[in-house]
Amino acid sequence: MRRMAILCSGGDVSGMNAALKRFVEYALMRRIEPFFVYDGYEGLIDGRIVKAGYEDVARILTLGGTNIGSARSKRFMEASYRAQAARQLQKRGIEGIVVLGGEGSFKGMQLLHQEHAVAVAGIPSTIDNDIAGTEYCLGVDTALNTVKCQIDAVRDTAASFRRAFVIETMGRECGYLALVSALTSGAEMCLIPELPYDLQAYEARFKRQLQEGRRYFIAVVAEALKKTDEIAAWFASRIGVESRTVVLGHTQRGGNPTVYDRITAFRFVTRAVDELLRNRSGVVCLEGSALTYKKVEDVAFKPYRISEELLALWE
Ligand code: F6P
C-alpha cells in the first residue's frame with residue numbers, strides 16, 4: 001500500500017487533531033503518502049481529498065475539534081454514493097482509509113470495505129464512550145475534564161445561594177459521561193438510563209440532609225433521560241430548595257486535548273496504520289491498557305454496556 005487517507009466522521013472530539021498529526025508523520029515515516037479527506041464521508045463522496053504533509057499538521061496538536069472538518073452524511077447511507085466515494089479513492093490510488101468516528105461511522109466504513117474492497121481501520125472517537133468492544137473512545141477524557149471544571153465552578157455558586165443545580169451532560173443514549181462526572185465531582189444525585197432510581201428515597205435523604213445542615217445539591221442528569229427540567233422542578237416542589245439548570249451542551253466537545261487523549265490518539269493511529277499496511281480491516285480498541293484490533297461487526301453492531309464495576313460505584 002503506497003497511499004492512505006484519513007477522515008473524521010460524526011461528532012468531533014478533542015484529540016482528533018493529535019490523531020491527524022500522528023497519521024501524517026507516521027505515514028511519511030513508513031514511506032506512505034498520506035491524504036486528508038475533508039468533511040467526513042461528504043467530502044469523500046465529493047472528492048475533497050488532498051495530499052497532506054508536515055506543514056499541514058504543524059501546531060495542531062493542542063487544538064480541539066478537527067482541522068479537516070467532520071460531518072454526519074446521509075448520502076453515504078446510499079450504495080450509489082458509497083460507489084462514488086470508492087471511485088474517488090481509486091482514481092487517486094488510495095487503497096486504505098482510517099476513519100475516526102462512532103458506531104454509525106463504522107457501519108458506513110464496513111459497507112465501503114465490503115462493497116468496494118477498500119481497506120478500512122476505525123478509531124473509536126466519541127465523547128459518548130458508547131462503542132462496544134472498546135473501554136475507551138478518543139475524546140472522553142477531555143470531555144470529562146471539561147465537565148469536571150464546569151461542575152466545580154457551579155458548586156461554588158450553589159453553596160453560596162443554597163440552591164440545587166441540575167446539570168445535563170451529553171452522551172446520546174449512554175450515561176457514561178454523566179456517571180463518571182457525577183462520581184468524580186461528588187454530585188449528590190446521578191440519573192442515567194443504565195441505573196434505576198427512586199425519587200422518594202432521594203427525597204427522604206435530601207430532606208434529612210437539609211435538617212443536618214446541607215446547603216446545596218448537585219444533580220447530574222444524562223441528556224438521554226430528557227428529565228432535566230422535571231428534576232429541577234422536583235427540587236423546588238418536593239425538597240423545597242430553589243433550583244437552576246445548566247445544560248453543558250457542546251462545551252463538552254471542545255477544548256485543549258488532555259495528555260491522555262493526545263497519547264491515545266498517537267497509539268490508536270499507529271496501530272490503525274500498521275494494520276492497514278497488513279491489509280487488515282477492523283477497529284482499534286482499548287482493553288485495559290492494551291490495544292486490540294477487532295472485526296468491525298464485533299464493534300459497530302453490538303450494544304455497548306457500561307461496566308458493572310463502574311455502575312456499582314454509584315449504587
Ligand atoms: O455523539 C456526540 C454528541 O455530542 C452527543 O453526545 C450528542 O447527543 C450529539 O453528538 C449532538 O449532536 P450535534 O452536534 O449534531 O448537535
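A salt bridge is a side-chain nitrogen of Lys or Arg within 4 Å of a carboxyl oxygen of Asp or Glu. In this structure the side chains of D128 and R172 form such a pair, with an N to O distance of 3.7 Å. The model is predicted: local features need pLDDT of at least 70, side-chain atom pairs count only at pLDDT 80 or more, and totals for chains, interfaces and linings use all residues. Residues are numbered from 1 along each chain as its sequence is written, and side-chain values use heavy atoms, with hydrogens and water left out.

An automatic or database domain assignment sets the domain bounds: domain 1 covers 3-139 + 257-306, and domain 2 covers 141-252. Their centres, taken over C-alpha atoms, are 34 Å apart. Contact (heavy atoms within 4.5 Å) between them takes 14 residues from domain 1 and 14 residues from domain 2.

Together the two domains bury about 1100 Å², 61% of it on carbon and sulfur atoms; buried area is the accessible area (1.4 Å probe) that two parts lose on being put together, summed over both. On the domain 1 side, I127, D128 and I306 supply 51% of the area buried against domain 2, more than any other three residues. One salt bridge is counted between the domains.

T142 belongs to helix α6, residues 140-161; helices are DSSP runs of H or I with at least four residues, numbered from the N terminus. T142 counts as buried because its relative accessibility is 3%, where buried means under 20% relative accessible area (1.4 Å probe, protein chains only). Leaving out residues up to four places away in sequence, T142 touches S14, G254, G255, N256, P257, T258 and D261.

Note on methods
Helix = DSSP H or I, 4+ residues; strand = E, 2+ residues; numbered from the N terminus. Buried < 20%, exposed > 50% of the residue type's maximum accessible area, 1.4 Å probe, protein only.
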